[in-house]
Amino acid sequence: FPSHDMVETGAHRGVTTKFLAQAFGVKTLSCEIHPDYFWEGRWRTLAQRGCRIFPEDTREFLRRLSSRMATPEDRVLIYLDAHWDPQDLPLLEELKIIHSRIRHAIILIDDFRHPEDPGYGFDEYAGGVKIELKLLKRADPVFHQVFFPVLASSQETGMKRGSAYLGLGSGLTLLETCKELKKFSAVGDS
C-alpha cells in the first residue's frame with residue numbers, strides 16, 4: 001500500500017509518532033489536544049524529518065488534513081489512538097470524517113478488543129463502553145468488514161494491545177488479501 005502520508009490521532013508524548021515516521025519513511029502528521037503532551041511530543045519529534053504534531057482536537061485535525069490532500073486518489077495510513085477520555089470518545093466521529101473525505105486508506109484502531117483472543121488488551125470505560133465490534137455497529141456509515149491479527153496474543157511481544165483494521169478503496173482490497181489478518185463482520189452478531 002504505497003502511502004502518501006501517515007496520519008495519527010492522539011500523539012500523546014510522540015513516541016509512536018516518531019516510530020511511525022521512521023518505520024514508514026513518509027510524511028507523518030499527528031495531533032494532541034493536551035498542552036503538556038503536545039509539547040513533549042513536539043520536542044521528541046522535532047529532529048524527525050517530515051514529522052509534525054499539531055495542538056488540536058482529532059476531529060478538526062482530520063477535517064483540516066483531508067481538505068488539504070493533494071488529490072482524492074492519495075493513499076493514507078491512519079492510526080487512531082485518541083480514545084482515552086470516557087467523556088469524549090471521538091472514534092465514531094473520526095471514522096465518519098475519514099469515510100466521507102478519503103477514498104483510499106488503511107485505518108488502524110489501537111486498543112481494540114479482539115473478538116477471538118482475550119489475551120489482547122483493549123480500552124473499556126465506565127458505563128460499559130468498550131473499543132470493540134459492538135461500538136463499530138454504531139458508526140455511520142458502517143464499515144462492514146473489520147480485520148484482526150491472526151497472530152495469537154501468546155505469540156505477541158510488547159504490551160499485547162488489540163488492534164482492528166479497516167479499509168477504504170485500495171486499502172480495503174489490500175486488507176482482503178493479507179494473510180496476517182482475519183476478516184470479521186462489523187454488523188454481525190459479534
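**Reading the pockets and the core**

User: Which strands and which helix each supply at least two residues of the lining of the largest pocket?

Analyst: Rolling a probe the size of a water molecule over the atoms shows where empty space is left. Here, strand S1 (5–9), helix H1 (15–24) and strands S4, S5 and S7 each supply at least two residues of that lining, and H1 gives the most, with five. Helices (H or I, at least four residues) and strands (E, at least two) are DSSP runs, numbered from the N terminus. A pocket is an open set of points on a 1 Å grid over the protein atoms alone, where a 1.4 Å probe fits, with protein on both sides within 12 Å along at least five of seven lines, and lining residues have an atom within 4 Å of a point. This is a predicted model, in which local features need pLDDT of at least 70 and side-chain atom pairs count only at pLDDT 80 or more, while totals for chains, interfaces and linings use all residues. Residues are numbered from 1 along each chain as its sequence is written, and side-chain values use heavy atoms, leaving out hydrogens and water.

User: Which residues lie nearest the centre of the largest pocket?

Analyst: Of the 37 residues that line the largest pocket, Thr16, Tyr79, Asp81, Leu108 and Asp110 lie nearest its centre.

User: Which helix gives the largest share of the lining of the second largest pocket?

Analyst: That share, four residues, comes from H3, while S1, S2 and S4, like H3, each supply at least two residues. The second largest pocket is lined by 16 residues, and Asp5, Lys27, Leu29, Leu65 and Arg68 lie nearest its centre.
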